[in-house]
Amino acid sequence: MEEWIEKIKNAVSLEELDKIRVAIFGKKGILASEFAKLKNLPNDIKPKVAKELNEFKEKINRVLNEKKAALEKEEIEKALKAEKIDLSLYSPAGIKGAIHPVRDTMDRIIEYFIHMNFSIQTGPLVEDDFHNFEALNLPKHHPARDMQDTFYFKDDMLLRTHTSPVQIRTMQNTKPPIRMISPGAVFRRDFDLTHTPMFHQVEGLLVDEKGAVSFANLKFLLQDFLTYMFGDVEVRFRPSFFPFTEPSAEVDISCIFCEGEGCRVCSQTGWLEVLGCGMVDPNVFKAVGYDNVSGYAFGLGVERFAMLIHKIPDLRSLFEGDLRLLEQFR
Ligand code: PHE
(Lines give C-alpha, C1' and ligand atoms only; values in the text may rest on other atoms or scores of the structure.)
Protein backbone atom coordinates (compact mmCIF):
# COMPACT_ATOMS: atom_id res chain seq x y z
CA MET A 1 0.00 0.00 0.00
CA GLU A 2 2.75 2.44 0.97
CA GLU A 3 4.51 1.72 -2.32
CA TRP A 4 1.42 2.95 -4.26
CA ILE A 5 1.29 6.15 -2.26
CA GLU A 6 4.99 6.63 -2.99
CA LYS A 7 4.36 6.06 -6.72
CA ILE A 8 1.62 8.69 -6.75
CA LYS A 9 3.77 11.24 -4.95
CA ASN A 10 6.62 10.73 -7.42
CA ALA A 11 4.51 11.06 -10.57
CA VAL A 12 5.79 13.89 -12.78
CA SER A 13 2.90 14.27 -15.23
CA LEU A 14 -0.87 13.98 -15.43
CA GLU A 15 -0.41 11.13 -17.90
CA GLU A 16 1.70 9.11 -15.51
CA LEU A 17 -0.78 9.80 -12.71
CA ASP A 18 -3.61 8.55 -14.87
CA LYS A 19 -1.76 5.28 -15.54
CA ILE A 20 -1.35 4.74 -11.80
CA ARG A 21 -5.04 5.48 -11.24
CA VAL A 22 -6.00 2.82 -13.82
CA ALA A 23 -3.60 0.33 -12.25
CA ILE A 24 -5.39 0.77 -8.92
CA PHE A 25 -9.02 1.51 -9.79
CA GLY A 26 -9.33 -0.04 -13.29
CA LYS A 27 -11.36 -3.17 -14.09
CA LYS A 28 -8.20 -5.23 -13.88
CA GLY A 29 -6.63 -3.03 -11.23
CA ILE A 30 -5.36 -4.17 -7.82
CA LEU A 31 -8.47 -3.05 -5.95
CA ALA A 32 -10.73 -5.15 -8.17
CA SER A 33 -8.58 -8.26 -7.67
CA GLU A 34 -8.26 -7.68 -3.91
CA PHE A 35 -12.03 -7.29 -3.53
CA ALA A 36 -12.52 -10.42 -5.67
CA LYS A 37 -10.37 -12.43 -3.23
CA LEU A 38 -12.70 -11.49 -0.33
CA LYS A 39 -15.26 -14.16 -1.08
CA ASN A 40 -12.65 -16.91 -0.60
CA LEU A 41 -11.67 -15.71 2.86
CA PRO A 42 -12.99 -17.30 6.03
CA ASN A 43 -16.01 -15.45 7.44
CA ASP A 44 -14.33 -14.35 10.67
CA ILE A 45 -11.61 -12.23 9.00
CA LYS A 46 -13.66 -11.10 5.96
CA PRO A 47 -15.07 -7.90 7.60
CA LYS A 48 -11.64 -6.84 8.85
CA VAL A 49 -9.96 -7.22 5.45
CA ALA A 50 -12.89 -5.52 3.72
CA LYS A 51 -12.63 -2.58 6.11
CA GLU A 52 -8.88 -2.23 5.46
CA LEU A 53 -9.45 -2.34 1.72
CA ASN A 54 -12.07 0.41 1.93
CA GLU A 55 -9.75 2.57 4.04
CA PHE A 56 -6.99 2.01 1.51
CA LYS A 57 -9.35 2.98 -1.31
CA GLU A 58 -10.34 6.23 0.43
CA LYS A 59 -6.76 7.20 1.24
CA ILE A 60 -5.48 6.48 -2.27
CA ASN A 61 -8.37 8.54 -3.67
CA ARG A 62 -7.47 11.50 -1.49
CA VAL A 63 -3.77 11.35 -2.35
CA LEU A 64 -4.57 10.97 -6.04
CA ASN A 65 -6.81 14.03 -6.07
CA GLU A 66 -4.26 16.14 -4.22
CA LYS A 67 -1.53 15.16 -6.62
CA LYS A 68 -3.76 15.77 -9.60
CA ALA A 69 -4.56 19.33 -8.47
CA ALA A 70 -0.88 20.04 -7.88
CA LEU A 71 0.16 18.72 -11.28
CA GLU A 72 -2.59 20.70 -13.06
CA LYS A 73 -1.47 23.89 -11.39
CA GLU A 74 2.11 23.15 -12.42
CA GLU A 75 1.13 22.61 -16.04
CA ILE A 76 -0.85 25.84 -16.24
CA GLU A 77 2.10 27.74 -14.81
CA LYS A 78 4.43 26.10 -17.30
CA ALA A 79 2.11 27.03 -20.20
CA LEU A 80 1.77 30.62 -19.00
CA LYS A 81 5.54 30.98 -18.87
CA ALA A 82 6.04 29.45 -22.32
CA GLU A 83 3.29 31.44 -24.06
CA LYS A 84 4.05 34.88 -22.77
CA ILE A 85 2.42 37.69 -24.80
CA ASP A 86 3.84 41.19 -24.67
CA LEU A 87 0.73 43.36 -24.81
CA SER A 88 2.76 46.53 -25.00
CA LEU A 89 4.46 45.43 -28.23
CA TYR A 90 3.84 47.90 -31.09
CA SER A 91 1.84 46.48 -34.02
CA PRO A 92 2.89 47.88 -37.39
CA ALA A 93 -0.49 46.85 -38.91
CA GLY A 94 -2.33 49.42 -36.76
CA ILE A 95 -5.72 48.18 -37.94
CA LYS A 96 -8.47 50.62 -37.00
CA GLY A 97 -11.94 51.05 -38.49
CA ALA A 98 -13.20 54.12 -40.31
CA ILE A 99 -16.58 55.38 -41.46
CA HIS A 100 -16.97 55.07 -45.22
CA PRO A 101 -17.08 58.52 -46.88
CA VAL A 102 -20.51 57.82 -48.42
CA ARG A 103 -21.98 56.87 -45.03
CA ASP A 104 -20.30 59.85 -43.41
CA THR A 105 -21.69 62.26 -46.03
CA MET A 106 -25.15 60.69 -45.77
CA ASP A 107 -25.05 61.16 -41.97
CA ARG A 108 -24.15 64.85 -42.34
CA ILE A 109 -27.00 65.43 -44.80
CA ILE A 110 -29.50 63.62 -42.57
CA GLU A 111 -28.29 65.57 -39.55
CA TYR A 112 -29.02 68.89 -41.28
CA PHE A 113 -32.57 67.96 -42.22
CA ILE A 114 -33.35 66.48 -38.80
CA HIS A 115 -32.42 69.86 -37.34
CA MET A 116 -34.82 71.43 -39.86
CA ASN A 117 -37.59 69.20 -38.51
CA PHE A 118 -37.84 66.83 -41.50
CA SER A 119 -38.82 63.22 -40.81
CA ILE A 120 -36.99 60.27 -42.35
CA GLN A 121 -38.90 57.91 -44.64
CA THR A 122 -37.78 54.80 -46.48
CA GLY A 123 -39.23 52.66 -49.26
CA PRO A 124 -38.54 49.39 -51.10
CA LEU A 125 -35.58 49.07 -53.48
CA VAL A 126 -37.63 46.84 -55.77
CA GLU A 127 -40.41 49.16 -56.89
CA ASP A 128 -43.38 48.95 -59.20
CA ASP A 129 -43.80 51.03 -62.32
CA PHE A 130 -46.57 53.09 -60.72
CA HIS A 131 -44.50 54.47 -57.83
CA ASN A 132 -41.22 54.89 -59.74
CA PHE A 133 -42.72 56.47 -62.89
CA GLU A 134 -46.46 56.64 -63.46
CA ALA A 135 -47.45 58.56 -60.30
CA LEU A 136 -44.49 60.90 -60.82
CA ASN A 137 -46.05 62.18 -64.04
CA LEU A 138 -43.99 59.79 -66.20
CA PRO A 139 -46.60 57.82 -68.16
CA LYS A 140 -45.51 54.77 -70.22
CA HIS A 141 -43.68 55.70 -73.44
CA HIS A 142 -42.97 59.21 -72.11
CA PRO A 143 -39.59 60.21 -73.63
CA ALA A 144 -38.37 61.45 -70.20
CA ARG A 145 -38.19 57.81 -69.03
CA ASP A 146 -35.00 57.57 -71.08
CA MET A 147 -33.35 60.01 -68.65
CA GLN A 148 -32.98 57.06 -66.27
CA ASP A 149 -31.70 53.74 -67.64
CA THR A 150 -33.72 51.18 -65.72
CA PHE A 151 -33.13 47.59 -64.54
CA TYR A 152 -36.45 45.83 -65.16
CA PHE A 153 -37.95 42.64 -63.69
CA LYS A 154 -41.10 40.87 -64.85
CA ASP A 155 -44.62 42.26 -64.28
CA ASP A 156 -43.80 45.98 -64.28
CA MET A 157 -41.37 45.61 -61.36
CA LEU A 158 -37.98 47.33 -61.39
CA LEU A 159 -35.04 48.49 -59.28
CA ARG A 160 -35.95 52.04 -58.27
CA THR A 161 -34.03 54.58 -60.35
CA HIS A 162 -34.43 57.37 -57.79
CA THR A 163 -35.76 57.96 -54.26
CA SER A 164 -38.76 59.93 -55.61
CA PRO A 165 -41.15 56.93 -55.28
CA VAL A 166 -40.87 57.40 -51.50
CA GLN A 167 -42.57 60.80 -52.01
CA ILE A 168 -45.53 58.95 -53.51
CA ARG A 169 -45.62 56.25 -50.81
CA THR A 170 -45.44 58.84 -48.02
CA MET A 171 -48.25 60.95 -49.50
CA GLN A 172 -50.38 57.82 -49.97
CA ASN A 173 -49.92 56.94 -46.28
CA THR A 174 -50.22 60.35 -44.61
CA LYS A 175 -52.28 63.49 -44.74
CA PRO A 176 -50.59 66.84 -45.39
CA PRO A 177 -48.66 68.72 -44.07
CA ILE A 178 -45.54 66.66 -44.90
CA ARG A 179 -41.90 67.41 -44.24
CA MET A 180 -39.72 64.44 -45.12
CA ILE A 181 -36.44 63.29 -46.51
CA SER A 182 -35.72 59.85 -47.86
CA PRO A 183 -32.14 58.60 -47.99
CA GLY A 184 -31.31 55.34 -49.76
CA ALA A 185 -29.80 53.31 -52.59
CA VAL A 186 -30.94 53.68 -56.22
CA PHE A 187 -30.00 51.80 -59.40
CA ARG A 188 -29.29 52.74 -63.01
CA ARG A 189 -27.64 50.97 -65.95
CA ASP A 190 -24.60 53.21 -66.05
CA PHE A 191 -20.89 52.67 -65.41
CA ASP A 192 -18.08 55.16 -65.98
CA LEU A 193 -15.86 57.70 -64.18
CA THR A 194 -18.86 59.45 -62.61
CA HIS A 195 -21.56 56.71 -62.64
CA THR A 196 -22.01 53.37 -60.84
CA PRO A 197 -25.01 51.03 -61.24
CA MET A 198 -25.83 51.52 -57.54
CA PHE A 199 -25.55 54.86 -55.79
CA HIS A 200 -27.35 56.79 -53.06
CA GLN A 201 -29.77 59.69 -53.10
CA VAL A 202 -31.48 61.85 -50.55
CA GLU A 203 -34.95 62.97 -51.56
CA GLY A 204 -36.81 65.85 -49.92
CA LEU A 205 -40.52 66.70 -49.96
CA LEU A 206 -42.49 69.43 -48.23
CA VAL A 207 -46.26 69.76 -48.67
CA ASP A 208 -48.67 72.20 -47.04
CA GLU A 209 -51.87 74.14 -47.81
CA LYS A 210 -52.29 75.66 -51.25
CA GLY A 211 -50.29 78.88 -51.48
CA ALA A 212 -48.35 78.19 -48.26
CA VAL A 213 -45.20 76.85 -49.97
CA SER A 214 -43.20 78.98 -52.40
CA PHE A 215 -40.16 78.63 -54.58
CA ALA A 216 -38.53 81.24 -52.34
CA ASN A 217 -38.92 78.85 -49.35
CA LEU A 218 -37.21 76.13 -51.36
CA LYS A 219 -34.42 78.46 -52.41
CA PHE A 220 -33.76 79.58 -48.85
CA LEU A 221 -33.63 76.01 -47.53
CA LEU A 222 -31.27 74.70 -50.21
CA GLN A 223 -29.00 77.72 -49.98
CA ASP A 224 -28.70 77.21 -46.23
CA PHE A 225 -28.17 73.45 -46.65
CA LEU A 226 -25.42 73.88 -49.26
CA THR A 227 -23.63 76.39 -47.05
CA TYR A 228 -23.79 73.85 -44.21
CA MET A 229 -22.30 71.15 -46.46
CA PHE A 230 -19.70 73.14 -48.45
CA GLY A 231 -19.02 76.26 -46.40
CA ASP A 232 -18.81 79.67 -48.03
CA VAL A 233 -19.89 78.91 -51.63
CA GLU A 234 -22.05 80.78 -54.12
CA VAL A 235 -25.31 79.06 -55.05
CA ARG A 236 -27.23 79.52 -58.30
CA PHE A 237 -30.53 78.11 -59.58
CA ARG A 238 -30.70 77.19 -63.25
CA PRO A 239 -34.04 76.48 -65.01
CA SER A 240 -34.36 72.79 -65.85
CA PHE A 241 -36.91 70.04 -66.40
CA PHE A 242 -38.21 67.15 -64.29
CA PRO A 243 -41.57 65.52 -65.07
CA PHE A 244 -42.61 65.61 -61.39
CA THR A 245 -41.83 69.29 -60.68
CA GLU A 246 -42.96 72.50 -62.35
CA PRO A 247 -41.16 74.83 -62.44
CA SER A 248 -37.92 72.85 -62.05
CA ALA A 249 -34.36 73.90 -61.40
CA GLU A 250 -30.91 72.47 -61.12
CA VAL A 251 -28.74 73.93 -58.40
CA ASP A 252 -25.05 74.73 -58.84
CA ILE A 253 -22.40 75.77 -56.33
CA SER A 254 -19.33 77.79 -57.28
CA CYS A 255 -16.49 75.33 -57.96
CA ILE A 256 -14.79 74.43 -54.67
CA PHE A 257 -11.60 73.41 -56.51
CA CYS A 258 -10.91 76.65 -58.38
CA GLU A 259 -13.29 79.01 -56.53
CA GLY A 260 -15.07 79.85 -59.77
CA GLU A 261 -11.95 80.52 -61.84
CA GLY A 262 -12.56 77.53 -64.13
CA CYS A 263 -10.77 74.17 -63.94
CA ARG A 264 -10.92 70.55 -65.19
CA VAL A 265 -13.43 69.43 -62.51
CA CYS A 266 -15.99 72.14 -63.38
CA SER A 267 -15.24 71.86 -67.13
CA GLN A 268 -13.99 75.46 -67.07
CA THR A 269 -17.47 76.75 -66.13
CA GLY A 270 -16.66 77.71 -62.53
CA TRP A 271 -19.84 75.88 -61.37
CA LEU A 272 -20.66 72.39 -60.07
CA GLU A 273 -24.15 70.91 -60.38
CA VAL A 274 -25.26 69.36 -57.06
CA LEU A 275 -29.08 69.17 -56.86
CA GLY A 276 -32.35 68.85 -58.75
CA CYS A 277 -35.49 70.51 -57.40
CA GLY A 278 -38.78 72.25 -58.11
CA MET A 279 -42.41 72.81 -57.12
CA VAL A 280 -44.36 69.56 -57.03
CA ASP A 281 -46.27 69.11 -60.31
CA PRO A 282 -50.11 69.17 -59.90
CA ASN A 283 -50.27 65.80 -61.72
CA VAL A 284 -48.27 64.20 -58.86
CA PHE A 285 -50.76 65.50 -56.27
CA LYS A 286 -53.59 64.20 -58.46
CA ALA A 287 -52.00 60.72 -58.57
CA VAL A 288 -52.05 60.46 -54.76
CA GLY A 289 -55.46 62.11 -54.35
CA TYR A 290 -54.19 65.35 -52.74
CA ASP A 291 -56.28 68.48 -53.21
CA ASN A 292 -55.67 72.15 -52.42
CA VAL A 293 -52.02 71.74 -51.50
CA SER A 294 -48.69 73.14 -52.66
CA GLY A 295 -45.20 71.77 -52.14
CA TYR A 296 -41.61 71.53 -53.19
CA ALA A 297 -39.27 68.58 -53.76
CA PHE A 298 -35.57 68.07 -54.26
CA GLY A 299 -33.14 65.24 -54.85
CA LEU A 300 -29.38 64.85 -54.64
CA GLY A 301 -26.69 62.22 -55.19
CA VAL A 302 -24.76 61.38 -52.02
CA GLU A 303 -21.67 60.02 -53.82
CA ARG A 304 -21.39 63.28 -55.77
CA PHE A 305 -21.38 65.22 -52.49
CA ALA A 306 -18.81 62.84 -50.99
CA MET A 307 -16.55 63.19 -54.04
CA LEU A 308 -16.67 66.98 -53.90
CA ILE A 309 -16.21 67.21 -50.12
CA HIS A 310 -13.25 64.79 -50.09
CA LYS A 311 -11.90 65.64 -53.56
CA ILE A 312 -12.15 62.04 -54.84
CA PRO A 313 -11.58 61.96 -58.62
CA ASP A 314 -13.12 58.56 -59.55
CA LEU A 315 -16.59 57.64 -58.24
CA ARG A 316 -15.94 53.93 -58.76
CA SER A 317 -13.15 53.96 -56.16
CA LEU A 318 -15.82 54.49 -53.47
CA PHE A 319 -17.09 50.96 -54.10
CA GLU A 320 -13.87 49.00 -54.62
CA GLY A 321 -13.16 48.52 -50.91
CA ASP A 322 -9.47 49.35 -51.41
CA LEU A 323 -8.02 49.90 -47.93
CA ARG A 324 -5.51 52.41 -49.27
CA LEU A 325 -8.43 54.72 -50.05
CA LEU A 326 -10.52 53.91 -46.98
CA GLU A 327 -7.61 54.32 -44.55
CA GLN A 328 -7.53 58.01 -45.41
CA PHE A 329 -10.91 58.56 -43.74
CA ARG A 330 -10.04 57.62 -40.14
N1 PHE B 1 -35.48 62.28 -58.90
C2 PHE B 1 -34.62 63.21 -59.58
C3 PHE B 1 -33.41 62.43 -60.13
O4 PHE B 1 -33.17 61.32 -59.72
C5 PHE B 1 -34.12 64.28 -58.65
C6 PHE B 1 -35.23 65.21 -58.21
C7 PHE B 1 -35.96 64.92 -57.09
C8 PHE B 1 -35.53 66.36 -58.92
C9 PHE B 1 -36.98 65.76 -56.68
C10 PHE B 1 -36.52 67.21 -58.54
C11 PHE B 1 -37.26 66.91 -57.41
O12 PHE B 1 -32.71 62.93 -61.00
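Reader: Where in the chain is the place of N117?
Author: N117 is found in the loop between α5 and β1 (119-120); such labels come from DSSP runs, with helices (H or I, at least four residues) and strands (E, at least two) numbered from the N terminus. You are looking at a predicted model, in which local features need pLDDT of at least 70, side-chain atom pairs count only at pLDDT 80 or more, and totals for chains, interfaces and linings use all residues. Residues are numbered from 1 along each chain as its sequence is written, and side-chain values use heavy atoms, with hydrogens and water left out.

Reader: What makes N117 count as buried or exposed?
Author: Buried means under 20% relative accessible area, exposed over 50%, and partly exposed in between (1.4 Å probe, protein chains only). N117 has a relative accessible area of 60%, so it is exposed. Its phi is also positive, near 75°, in a residue other than glycine.

Reader: On to the rings: how many aromatic pairs does the structure hold?
Author: There are 11 aromatic pairs. Rings of Phe, Tyr and Trp (its six-membered ring) pair if their centres lie within 6.5 Å; planes under 30 degrees apart count as stacked, over 60 as edge-to-face and the rest as tilted.

Reader: What makes Y112 and F113 an edge-to-face pair?
Author: Their centres are 5.0 Å apart, and the planes stand at 90° to each other, so the pair is edge-to-face. With relative accessibility of 5% for Y112 and 0% for F113, these residues count as buried.

Reader: Why is the pair of Y112 and Y228 called tilted instead?
Author: The angle between the planes is 45°, so the pair falls among the rest and is tilted, with 5.4 Å from centre to centre. It links distant parts of the chain, 116 residues apart: Y112 in helix α5 (residues 101-115) and Y228 in helix α8 (residues 215-230). Y228 is partly exposed because its relative accessibility is 33%. Y112, F113 and Y228 belong to one aromatic cluster, whose members also include F118 and F298.

Reader: How do you know that a charge sits over the ring of F191?
Author: The test asks for NZ of Lys or CZ of Arg within 6 Å of the ring centre and within 35 degrees of the ring normal. The charged end of R316 is 5.5 Å from the centre of the F191 ring, over which it sits. Likewise, R108 lies over the face of Y228, at 5.1 Å from the ring centre.

Reader: Why are α1 and α2 called roughly antiparallel?
Author: Axes are lines fitted to C-alpha atoms, for helices over the stretch in contact, and angles run from 0 to 180 degrees between N-to-C directions. Angles under 35 degrees count as roughly parallel, over 145 as roughly antiparallel, 65 to 115 as roughly perpendicular and the rest as oblique. The axes of helix α1 (residues 2-10) and helix α2 (residues 14-25) cross at roughly 160° and come within 9 Å; α1 and α2 are therefore roughly antiparallel.

Reader: Which residues make the contact between α1 and α2?
Author: W4, K7 and I8 of α1 meet L17, I20, A23 and I24 of α2, where contact means heavy atoms within 4.5 Å.
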